[in-house]
Amino acid sequence: MKARQRTVRLELAEPLRISRSTMAARDAVWLTVEHAGQYGHGEAVTSGYYGLDTATLQRLLHEAGQDLARFVDPESALSAVCEEEYGRHRPAAVRAAVESALLDLRGKRAGLPLHRLLDAATTRQFAATARTVGIVPVERAAAQARCLADSGFSIIKIKAGAQDPEDDVERVRAVRAAAPTARLLLDPNGAWTVAQARELLPRFADLTVEAVEQPIAPGDPEALARLAERSPLPVIADEDAVDHEDVRRLAGRVRGVNVKLAKCGGVHAALRIASLIEGSGTELMLGCLTASTLGLAPAVHLVGRARWIDLDGHLLLAHDPWTGIGGTDGVVRTSGRPGLGVRRRTTAAAGAEGIEGAAGAGGEEHREDLA
């Protein structure tokens, strides 16, 4: 097998402010694996929080691609990658990108979409996704919520953690008024102290917020579990639930865990977490980093296993270079095509249509070797 990579810049349609940072763009590194004239693709994106800059991702994916050359075919490589100990020296985002490329190639060789390879054909392959409203002025939050509701979004996730917590309360109140039937999720990204969370959570419960992600700073899962036990809102662990061992400690003690493939290590790692929490009272949330359709596609094949879906990272981009999972109407779905089921947009189509356009036959790149 041969592997190549390509780095692209992903610009957001507007800067996204959360409690710890504001992001306007990030780099994505695409890994392409080729065998017998067929190609599989995966994506890893830069992340300051996880300590992954562009140069580091490029180097690590280059090394991973060289490592794949020792396998005779993608099936044997995928078997090795799915072993829990394989690649533990590599960051989870790199492992997830390598697995994605191999799964995409494996599905194309078998003529099957990824969820069929995962024996998930009986579960639903579409789901309503949350759409994020960042830390913005109240009037802007209300306008965004109204627009999202009119576009078909039934779930809105509101970022919290402003310097003044009253701003968060007013933002949620405005979103609730603008989208009265929407399900609301709240995400402070660990910005509150335990005392602040205890004071604020009942107020958000009164505004019919459905659940809150990681209300307090990560690093003390016992404190998060104790808060969850007394919280009037379901608490979902995110930054405190990175991998299988983290989730094992919290299973049955929080209402949900936010599983991001780039955080846990890929599809099979996510499936192991799903099996771990089954029957524990802790439910699965599928989340993402801001990335292209290529980066989000593997998770879309798992939506039938999750209670909460938050796969809107591609919808935050000014121009998504890939197409195939939808989402602009509030619903993400698999395409039914083999592998991940995604295709590359032509440059012209991406620039003209952005994330709101529906790429037709003229808006897709059919050439597979994109590295």
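## Aromatic pairs and a charge over a ring

A residue is partly exposed when its relative accessible area falls between the buried limit of under 20% and the exposed limit of over 50%. In this predicted model, tyrosine 49 has a relative accessible area of 41% and is therefore partly exposed. The three aromatic pairs of the structure include one between tryptophan 30 and tryptophan 322, which is edge-to-face, with 5.4 Å centre to centre and 80 degrees between the planes. Because tryptophan 30 lies in strand S2 and tryptophan 322 in strand S13 (residues 322-323), this pair ties together parts that are 292 residues apart in sequence. Both tryptophan 30 and tryptophan 322 are buried.

Tyrosine 49 and tyrosine 50 also form an edge-to-face pair, at 5.1 Å centre to centre and 90 degrees between the planes. Tyrosine 50 has a relative accessible area of 32%, so it is partly exposed. The charged end of arginine 20 sits over the ring of tyrosine 49, 4.0 Å from the ring centre.

## Helix H3

Helix H3 covers residues 92-110; at 1.5 Å a residue, its 19 residues should span 27 Å, and the 26 Å between its end C-alpha atoms agrees with this. Of the 19 residues in H3, 16 are buried. Glycine 111 follows H3 and has a positive phi, near 70 degrees.

## Positive phi outside glycine

Alanine 36 has a positive phi near 55 degrees. Alanine 36 is placed in the loop between strand S2 (22-35) and strand S3 (38-45), and is exposed, at 64% relative accessible area.

Threonine 208 has a positive phi of about 60 degrees. The loop that holds threonine 208 runs between helix H7 (194-206) and strand S8 (209-213). With a relative accessibility of 48%, threonine 208 counts as partly exposed.

Methods
Residues are numbered from 1 along each chain as its sequence is written. This is a predicted model: local features need pLDDT of at least 70, side-chain atom pairs count only at pLDDT 80 or more; totals for chains, interfaces and linings use all residues. Side-chain values use heavy atoms; hydrogens and water are left out. Helices (H or I, at least four residues) and strands (E, at least two) are DSSP runs, numbered from the N terminus. Buried means under 20% relative accessible area, exposed over 50%, partly exposed in between (1.4 Å probe, protein chains only). The expected span of a helix is 1.5 Å times one less than its number of residues. Rings of Phe, Tyr and Trp (its six-membered ring) pair if their centres lie within 6.5 Å; planes under 30 degrees apart count as stacked, over 60 as edge-to-face and the rest as tilted. A charge sits over a ring if NZ of Lys or CZ of Arg is within 6 Å of the ring centre and within 35 degrees of the ring normal.
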